[in-house]
Amino acid sequence: MAGHVAAPVLDAASESERDHVYKLVGALVNPDLREGALMELSKKRDSFPDLAPVLWNSFGTMSALLQEIIAIYPLLSPPALGAHASNRVCNALALLQCVASHQETRSLLLHAHIPLFLYPFLNTVSRTKPFEYLRLTSLGVIGALVKVDDTDVITFLLSTEIIPLCLRIMETGSELSKTVATFIIQKILLDEMGLNYICQTAERFYAVSAVLSNMIEALVEQPSVRLLKHIVRCYLRLSDNQRAREALKTCLPQQLRDGTFNNPALLKDDPTTKRWLAQLRGITDAQQMS
Amino acid sequence: AVTSTTATATTAAAGVEYGLGSLVSQLVVPMVDLFTQYPALKRFVAVAVSTAVREIIAPVVERSVTIACITSRVLVLKDFSLEADEARLVSAAHTMVKSLSGSLALVTCKEPLRQSLSSHLKALLLQQVNVEQNPSLAQLVEVAVAQVVQDNIEVACKFVEDSATEKAVHDLDETLSQTNRMRRAHREKTGQPLYDTSGFTLGRYPSMLPEELRPIAAGLSPAQLHLYDDFAGLRKRSEAAWTAVGAAPTNSK
C-alpha cells in the first residue's frame with residue numbers, strides 16, 4: 001500500500017526534475033546562459049539517467065558542446081589556459097562523457113567522430129593545473145568509451161592516434177592521468193584486434209613496453225596500487241601474444257620479478273593484482289627454464 | 001623584395017602547390033642585422049616558409065577536413081531533419097564545417113609549422129654563411145630565425161587554415177548534394193517538403209522531448225538557427241572574451 005501512495009509522489013518529483021533538466025538543456029543554445037547551464041547539468045549526470053539521450057537528441061546541444069571545445073583551441077599554444085576557461089570546457093566535457101557512457105548514444109558519438117575534437121587537448125604538454133584538469137577530463141571521455149567492451153570503439157580508436165597520445169601522458173602526466181591513460185591502453189589490449197595491432201610490429205610493442213617499464217620504475221619511488229594494477233594487467237595481456245611473450249622474457253622489468261611489489265602493505269587489499277603478478281612471474285620463469 | 005626562387009620551384013615539384021604564391025607575397029622579412037649585412041639571404045625566408053608549409057599542409061588539411069565534414073554532416077542532418085528549407089540546412093552546414101575544419105587545422109599545424117620553419121630556415125642560412133670564419137654570425141642567424149618565425153607564423157597558419165576551410169566546404173557540398181537533390185525533387189513532385197524522420201523511429205527520443213528542444217516540422221526558432229550562425233567568428237569572440245577575463249596569451253617560449 002505504501003508503494004501505491006509513494007509512486008505518484010516519486011513521479012511528480014522526477015517530472016519536475018525532468019522539466020528542470022529540459023530547461024537547462026534548452027539554455028545551452030543561448031551563449032549567454034550556456035556557462036551556467038553547463039555547470040548545473042554536469043551535476044545531473046548521476047541523478048538523471050536519461051541525460052545522455054536528451055543531450056544527443058535535443059536541437060543544437062552537441063553543436064553547442066563542440067563550440068565550447070573549439071573555443072579554447074587558441075589558448076593551447078602558446079599555453080594560456082586559465083582556471084576559469086578550463087572549468088568551463090571541462091563541464092562541457094563532463095556532458096560528453098555522459099553521452100560516451102550511455103548505451104543509446106555511444107555509437108552515435110563515435111560515428112560523428114566527435115571524440116577526435118579532444119585530441120588537441122590530449123596533445124598539450126603544459127603542467128599547470130588547468131591543463132592537467134583538461135587532459136584528465138578529456139581522458140575521462142575516452143575512458144568512458146572503452147569502459148564497455150565494444151569492438152566498434154576499439155576499431156575507431158585504432159584508426160586514430162590515441163595510442164601515442166596515451167603513451168605520452170603515461171610518461172609525463174599526473175598519477176590520476178597516468179592511471180586513466182593506462183586503463184585506456186589496457187582496454188585496447190584486452191580486445192583481440194587491439195592486441196594484434198600493438199604486437200604487429202616490434203616498434204609498436206617496444207613503444208608500449210618501454211613506457212610501462214618506465215612507469216614501474218617510477219612506482220618504486222611513488223607507489224600507487226591502482227596504477228600498478230593496470231600496468232600489470234597490460235603486461236599480462238601482452239603475454240597472450242606469442243611474440244610479445246618471447247620479448248617480455250628480456251624486457252619485463254626486474255621489479256616485477258624480484259618481489260619489489262610483494263610488500264604486503266601495498267597489495268594487502270588487492271588479491272587480484274597479487275594473482276596477476278604471480279601469473280606474470282610464472283610465465284617469464286617458465287620461459288627462462290625452457 | 002621577397003620573390004620565389006629556383007629553390008622554391010624545385011621543391012615545389014614534390015606536391016600540390018596550394019597556391020603558395022599568395023602566401024609568399026604576404027611574408028614579412030624582418031629588419032634584423034643578418035639581413036641588413038647580407039641582403040641576399042632575405043630570399044630564404046620565402047624558401048623556408050614554403051618548404052615548411054608544403055611539408056605539413058597535406059596531412060593536416062586532409063585530417064581536419066575529413067573529421068569536420070563527418071561531424072558537421074551528422075549533426076546538421078540530425079538537427080535539420082524536419083527543416084523544410086534546405087538552404088537553411090546548407091547555410092548552417094557551411095558555417096559549421098568552416099569553423100570546425102579551420103579550428104582543427106590551426107590547432108594541429110601551429111607547433112609543427114613553427115618547428116619546421118625554424119629548422120629549415122636555420123639550416124638554409126647556416127649553409128650560406130661561414131660560421132667557422134665568423135662565429136658571431138651564429139648568433140645573428142638565431143636572432144633572424146626567431147624573428148622570422150614570430151613575424152610569419154600567423155600568416156602561414158592562416159594559409160593552412162584557409163586551405164582547410166575551402167576544401168571542407170567543397171567536400172561537404174558533395175556529400176550533401178544527394179540529400180538536397182532528393183529534397184528538391186520530392187518538393188517539386190508533391191508540393192510537400194521531404195522530412196527525414198528516421199531519427200524519430202529509433203527510441204523514446206527525440207519524440208519524448210518538448211517541442212522547443214527538438215526539430216519540429218513547423219520550422220526552427222530564431223534562437224535555434226542562431227546557434228549555427230555562432231560558429232562564424234567563434235574564435236575571435238572567444239579570444240576577446242578570455243583576454244577580458246585575464247587569460248591573455250603569454251609569450252612563453
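Author: In this predicted model, two residues are taken to be in contact when heavy atoms lie within 4.5 Å.

Reader: On that basis, how many residues does the contact take from chain A and how many from chain B?

Author: The count is made for each chain separately, with contact meaning heavy atoms within 4.5 Å. Chain B contributes 43 residues to the contact, and chain A contributes 44 residues.

Reader: Which residues form the salt bridge between the chains, and how far apart are the closest N and O atoms?

Author: Between chain A and chain B the count is 1 salt bridge, alongside 12 residue pairs in polar contact, both residues being at pLDDT 80 or more. The salt bridge joins Arg63(B) to Glu161(A), and the distance between the closest N and O atoms is 2.8 Å.

Reader: Which element gives the most residues to the side of chain A that touches chain B?

Author: The elements of chain A that give two or more residues to this side are helices H1 (2-27), H2 (31-42), H3 (51-57), H4 (61-71), H5 (83-101) and H7 (119-122). The residues of the side that touches chain B divide into 28 nonpolar, 10 polar and 6 charged. With 7 residues, the element that gives the most is H4(A).

Reader: Why is H8(A) described as largely enclosed by the rest of the structure?

Author: Helix H8 of chain A, residues 129-147, reaches 26 Å from its first C-alpha to its last, close to the 27 Å expected at 1.5 Å a residue. A residue is buried when its relative accessible area is under 20%, and H8(A) is largely enclosed because the number of its 19 residues that are buried is 15.

Reader: Is Ser50(B) buried or exposed?

Author: Ser50(B) lies in helix H4 (residues 43-79) of chain B, where a polar atom of the Ser50(B) side chain lies 2.7 Å from the backbone oxygen of Ala46(B). Since the relative accessible area of Ser50(B) is 2% and the cut-off is under 20%, Ser50(B) is buried.

Technical notes:
Residues numbered from 1 in each chain as written. Chains lettered and ligands numbered in written order. Predicted model: local features only at pLDDT ≥ 70, side-chain atom pairs only at ≥ 80, totals over all residues. Heavy atoms only, no water. Salt bridge = Lys/Arg side-chain N within 4 Å of Asp/Glu carboxyl O. Polar contact = N/O pair within 3.5 Å; in protein donor to acceptor, adjacent residues only side chain to side chain. Helix = DSSP H or I, 4+ residues; strand = E, 2+ residues; numbered from the N terminus. Nonpolar A, V, L, I, M, F, W, Y, C, P; charged D, E, K, R; others polar. Expected span 1.5 Å × (residues − 1). Buried < 20%, exposed > 50% of the residue type's maximum accessible area, 1.4 Å probe, protein only.
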